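Please consult the sequence and the model shown below.

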Amino acid sequence: MSTVTATADIVAVCIAELVSCGSIEMTAHRAEDARALGNMLPSGTKVYVNHLPRHTLAETLTALEAVHAAGLEPVPHLAARRVTSRDELRHFLRRAVRDAGVQKVLLIGGDDPQPRGPWADSVALLADGTLAECGVREVGLAGYPEGHARIPRAALERAMSEKLALTAAQGLGSYIVTQFSFAPARVVEYCAELAARAPGVPVYVGVAGPTEAATLLRFAQRCGVSASLRALRDQGMGIVRLVTHTEPREQLVALARYCLARASCNVVGAHLFSFGGAAHTAEWMNRVIAAGGAA
């Protein structure tokens, strides 16, 4: 076996491990997708159920219960600015823990112009103590390799430090889930920065799953990854690769090489953004895991 082939095989195995140990998101109004995901993904895979502006927290419970019934781990998105009251949060969390086996939440601020309830951001909600009080054991925190469209980088870094301190003080585990990006070099750089600042905190790197070009561009603009979009346009042919996007292999190759180059790596898995196509994304994940295992 040539060195090139051997290296390619090692990278393929690492990619399969990142996907196998990773996670996927699904939309709250498609609870029926949970059974398909359970048939294609390893038992216990984390499935994030989103909390969109048009949904109340209570409306995500059916999907969370379906994920649990499928043998996967349900993780609700919790958008601080969309929670209307402390009572709503307590009622939701207690039911989610009791009926859907929820142990983790992904805490985000939410982009609503005005808070609908008592919390203006995720730091404030976490500081309230309701998560630990209602049985949550771990909190996923959002990371932004390209920064945030409306929040300065210094403020993001300060908020991350505050959230890590709050989770530790409340006896909660914590980990980071990053926004997806089309700039692998920036993602690797961001992971290295996190490893230096918070070496004990696991990181799941967000990756855009396979989807149609128009859908991908729409979500990229909505999710604030315009910097890497501009970089692709500056590369000329780079934009051609984007609009013919069928799978996130290039992103995962760079991530795998980052992991293989470090004896102790903070990246523990990939988080696949499905853009409403959870079953399609899970099918792709299944193929990647199988191909890596055969390498």
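In which sense, left-handed or right-handed, does helix 8 pass helix 12?

## Basis of the model

The model is predicted, with local features requiring pLDDT of at least 70 and side-chain atom pairs pLDDT 80 or more, while totals for chains, interfaces and linings use all residues. Residues are numbered from 1 along each chain as its sequence is written, and side-chain values use heavy atoms, without hydrogens and water.

## Helix 8 and helix 12

The crossing of helix 8 with helix 12 is right-handed (the near helix is turned clockwise from the far one by less than a right angle). Helices are DSSP runs of H or I with at least four residues, strands are E runs of at least two, and both are numbered from the N terminus. The two helix axes come within 9 Å and cross at roughly 35 degrees; axes are lines fitted to C-alpha atoms, for helices over the stretch in contact, and angles run from 0 to 180 degrees between N-to-C directions.

Pro184, Val188, Cys191, Ala192 and Ala195 of helix 8 meet Gln251, Ala254 and Tyr258 of helix 12 (contact: heavy atoms within 4.5 Å). This contact comprises seven nonpolar residues, one polar and no charged; Ala, Val, Leu, Ile, Met, Phe, Trp, Tyr, Cys and Pro count as nonpolar, Asp, Glu, Lys and Arg as charged, and the others, including Gly, as polar.

## The barrel

Eight strands form a closed barrel in the order 1-2-3-4-5-6-7-8, with parallel pairing (at least two DSSP bridges between paired strands). On average, neighbouring strands are turned by 30 degrees against each other, direction ignored. Helix 8 (residues 184–197) packs on this sheet and touches strands 5, 6, 7 and 8.

## The cavity

One cavity of 30 Å³ or more is present (on a 1 Å grid over the protein atoms alone, points where a 1.4 Å probe fits but cannot get out; lining residues have an atom within 4 Å of a point). The largest cavity holds about 70 Å³, the volume being the space filled by probe spheres set on points joined across faces, edges and corners. Helix 8, strand 7 and helix 12 each supply at least two residues of its lining, which includes Pro184, Val188, Gln251 and Ala254.

Definitions and conventions: 1 Å grid on protein atoms, 1.4 Å probe; cavity = no way out; pocket = protein on both sides within 12 Å on 5 of 7 lines; lining within 4 Å.
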